[in-house]
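Here is a short report on one chain, written to be read beside its coordinates. It goes from the overall fold to single residues.

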Amino acid sequence: MRLAFFIVFALSCSLGLLYFFGLLKCIIFSKKDKFCKYCEVNIISVSGHLENIEYLVRKSLNTLKHENPSQKKELIFLDKGLDWETRVILNKLCQAHNFTICGKDEFYDIIREKL
């Protein structure tokens with residue numbers, strides 16, 4: 001009986017220590033966020049007519065959301081000549097999900113602003 005209690009106690013203590021060090025790591029590395037607005041910027045270049053633009057947007061947003069939720073992340077779609085229909089769909093998704101669409105000429109200004 002004592003052995004089972006000792007095993008449960010040791011397991012609980014080790015899980016508590018792991019949680020404590022994970023919390024400590026989050027506190028220490030969250031200080032780094034003060035120096036930059038976004039720690040990770042994902043840029044997706046799109047051009048032409050894309051039938052699966054909604055899938056591409058939702059997949060990218062879902063990947064950003066589940067990778068590391070403690071980091072600030074930004075998604076940028078670089079428009080390199082989208083057709084009218086795809087651009088309208090992308091604009092509607094942008095209004096709903098808060099990401100950035102930019103052209104080739106304004107790309108460097110937006111990157112400078114985000115970083």
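How many helices and strands does the secondary structure of the chain come to? The answer is four helices and three strands. Helices (H or I, at least four residues) and strands (E, at least two) are DSSP runs, numbered from the N terminus. Along the sequence the pattern reads α-β-α-β-α-β-α.

The model is predicted: local features need pLDDT of at least 70, side-chain atom pairs count only at pLDDT 80 or more, and totals for chains, interfaces and linings use all residues. Residues are numbered from 1 along each chain as its sequence is written, and side-chain values use heavy atoms, with hydrogens and water left out.

**Whole chain**

The chain has 115 residues, of which 24% count as buried. Buried means under 20% relative accessible area, exposed means over 50%, and partly exposed lies in between (1.4 Å probe, protein chains only). Take the contacts between residues at least 6 apart in sequence: 75% of them join residues at least 24 apart. Contact here means heavy atoms within 4.5 Å.

**The sheet**

Three strands make an open sheet, ordered E1-E2-E3, with parallel pairing. Strand E1 (40-48) and strand E3 (100-103) are the edges; each has a single partner strand, so one side of each lacks a neighbour in the sheet. From one strand to the next, the twist averages 30 degrees. Two strands pair if DSSP finds at least two bridges between them. Strand E2 (residues 73-82) pairs with E3 over four bridges, in the parallel sense. Ile76 stands opposite Thr100 in E3.

Helix H2 (residues 53-67) lies across E1 and E2. H2 runs at about 160 degrees to E2. For such angles, axes are lines fitted to C-alpha atoms, for helices over the stretch in contact, and the angles run from 0 to 180 degrees between N-to-C directions.

**Two buried residues**

Leu75 sits in strand E2. Its relative accessibility is 3%, so Leu75 counts as buried. Leaving out residues up to four places away in sequence, Leu75 touches Asn42, Ile44, Ser60, Leu61, Leu64, Phe99 and Thr100.

Thr86 belongs to helix H3 (residues 84-97). Is Thr86 buried or exposed? Thr86 is buried, because its relative accessible area is 1%. Its side chain makes a polar contact of 2.5 Å with the side chain of Asp83. A polar contact is a pair of N or O atoms within 3.5 Å; within protein, one must be able to donate a hydrogen and the other to accept it, and residues adjacent in sequence count only if both atoms are side-chain atoms. Not counting residues up to four places away in sequence, Thr86 touches Gly48, His49, Leu50 and Ile53.

**Salt bridges**

The structure holds three salt bridges. A salt bridge is a side-chain nitrogen of Lys or Arg within 4 Å of a carboxyl oxygen of Asp or Glu.

| Arg58 | Glu54 | 3.0 Å |

Arg58 and Glu54 are four residues apart in helix H2, so about one helical turn separates them. Arg58 is partly exposed at 42% relative accessible area, and Glu54 is partly exposed at 39%. Arg87 is partly exposed, with 26%, whereas Asp79 is buried, with 16%. Arg112 and Asp109 both lie in helix H4 (residues 107-114), three residues apart, about one turn of the helix. Arg112 counts as exposed at 63%; Asp109 is partly exposed at 49%.

**Aromatic pairs**

There are four aromatic pairs in the structure. One of them joins Phe5 and Phe9: the ring centres are 6.4 Å apart and the planes stand at 20 degrees, so the pair is stacked. Rings of Phe, Tyr and Trp (its six-membered ring) pair if their centres lie within 6.5 Å; planes under 30 degrees apart count as stacked, over 60 as edge-to-face and the rest as tilted. Both residues, Phe5 and Phe9, lie in helix H1 (residues 2-30), four residues apart, about one turn of the helix. Phe5 is exposed, with a relative accessible area of 60%. Phe9 is partly exposed, with 49%.
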